[in-house]
Amino acid sequence: MEDILLKQMWAAYDKKLEKSLALNHRLVTEIQTQKARTALRPLKAIKIVAVILGIIWSLFLSILVVLAITYMTPYSLFFILSAMAVIVITVTAIVVYIRQVALIQQIDNDSNILDTQKKLVRLQLSTISIVRILMLSAPFYTTFYFNKGMFENGTIGLWVFQLTITLLFSALSIWFYQHARIENADKRWFKIIFGSSEWTALTKAQHFLQEIEAYEKE
Amino acid sequence: MAPPKEDKVFLSVIEQHKGIIYKIANSYCHHTEDRKDLIQEIIFQLWRSFDRYNDQYKYSTWLYRIALNVAISFYRKDSQRNSAHELTADIIVVTEETADVEQLQLLQRFIHELPELDRAIMLLYLEEKSYKEIADILGLTETNIATKINRIKGKLKTKFSTIHT
């Protein structure tokens, strides 16, 4: 198939389409009244709600920490340290969320194709980082309730059970933070944790990003 | 609400370029319903960006960028996309069937089989866009575009020759 033939064939197709296509002006006018609608709007709205909830949660914990410090006892130290750790982790996740919202703002379909597609794919892939960060707070939910009663009346059995749980959560959250990366998306555990549809979407996104990067280098 | 003049200019731009929109949608979606959704989404995104249109570029360059970006994203989302479209009728209607030339059908099939970025390049090449314009739309260098076009043409020739042998 010669180059010129391909173009001739396409030009003939074009000519036929020009004659046979008709634009429905009423529907275009209808679309023009929907300027506020955007494909990314729901995504952005979800992230904004998540940021607001995160801020409310952090403020609530901060108030509890201030109260605990005001009425400080040696046993409230566990609550204060645990709550502060959760606050720091939640605020970090909020910052990442805000960066994602900023990234959504930057996505512009009238930019060149490779730039736009890279931004879209990176946005999709960055959802993992939020889960990784938030998982780090898991062990602190197993320590904030340590109290005077547990220290004074707790049996060895209770403490063995409690420490096992805390160590298990700590090990799991550190392991998850280190391993839940898109590079491991082909692993079975990753698929189980993230669910098959999310897993498929993320692996596809990762492959597409690799394809774009290779495309730029070729 | 945009001023009526802007509305009319937009309508005339879409009228002039409806063929491009249809061909892009057709290359990224084979199913009629998907194609209808994609055309709606492209026109909606064009309208959203219309007040930011930079007249240092041709309307066609602006339109190709948006239409191809929307088509590639739409194609990638595949069945995951939410059907947020209220309109049920076709925006661009084919009033008579285009002649089903076998060679053209083959060309369309082969284009559809290309990876999404190669497909965008091939569409622009067949639309007689210059290497510079293709490079602007894709965000690559002209040399890179030239290399890729040669490679894609090679692939298409091989496919055609396989069919004819």
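Colleague: In what order do the elements of chain B run from the N terminus on?

Modeller: They run α-α-α-β-α-α-α-α, which makes seven helices and one strand in chain B. Helices (H or I, at least four residues) and strands (E, at least two) are DSSP runs, numbered from the N terminus. Residues are numbered from 1 along each chain as its sequence is written, while chains are lettered from A and ligands numbered from 1 in the order in which they are written. This is a predicted model, in which local features need pLDDT of at least 70 and side-chain atom pairs count only at pLDDT 80 or more, while totals for chains, interfaces and linings use all residues.

Colleague: What pLDDT does chain B average?

Modeller: pLDDT is the predictor's confidence in each residue, from 0 to 100. Chain B averages 83, and 84% of its residues score at least 70. Over residues 79–86 of chain B the pLDDT is below 50, and this stretch has five contacts in the model beyond near neighbours in sequence; two residues are in contact if their C-beta atoms, placed from the backbone, lie within 7 Å. The model as a whole scores ipTM 0.81 and pTM 0.76.

Colleague: How do I read a pair of packed helices?

Modeller: Two packed helices are described by the angle between their axes and the distance between the axes. Axes are lines fitted to C-alpha atoms, for helices over the stretch in contact, and angles run from 0 to 180 degrees between N-to-C directions. In chain B, the axes of α5 (residues 116–126) and α6 (residues 131–138) come within 10 Å and cross at roughly 150 degrees.

Colleague: Is the crossing of α5(B) and α6(B) left-handed or right-handed?

Modeller: A crossing is left-handed if the near helix is turned anticlockwise from the far one by less than a right angle, and right-handed if clockwise. This one is right-handed. From α5(B), B:Ala120, B:Ile121, B:Leu124 and B:Tyr125 meet B:Ile134, B:Ile137 and B:Leu138 of α6(B). By class, that contact has seven nonpolar, no polar and no charged residues. Ala, Val, Leu, Ile, Met, Phe, Trp, Tyr, Cys and Pro count as nonpolar, Asp, Glu, Lys and Arg as charged, and the others, Gly among them, as polar.

Colleague: Why is α5(B) said to be largely enclosed by the rest of the structure?

Modeller: Because eight of its 11 residues are buried, among them B:Leu117, B:Arg119 and B:Met122. A residue is buried if 20 or more other C-beta atoms lie within 10 Å of its own, exposed if 12 or fewer, and partly exposed in between. Of the 165 residues of chain B, 36% count as buried. In chain A, A:Ile52 of helix α3 (residues 41–70) counts as exposed because it has 11 C-beta neighbours inside 10 Å.

Colleague: How many residues of chain A are in contact with chain B?

Modeller: 43 residues of chain A are in contact with 59 residues of chain B. α1(A) gives the most to the side of chain A that touches chain B, with 11 residues. That side has 19 nonpolar, 10 polar and 14 charged residues.

Colleague: At roughly what angle do α5 of chain A and α3 of chain B cross?

Modeller: α5(A) (residues 113–125) and α3(B) (residues 59–77) cross at roughly 35 degrees, with axes that come within 10 Å. This crossing is right-handed. The residues that meet include A:Ile113 and A:Leu120 in α5(A), and B:Leu68 and B:Ile72 in α3(B). By class, the contact has four nonpolar, four polar and one charged residues.
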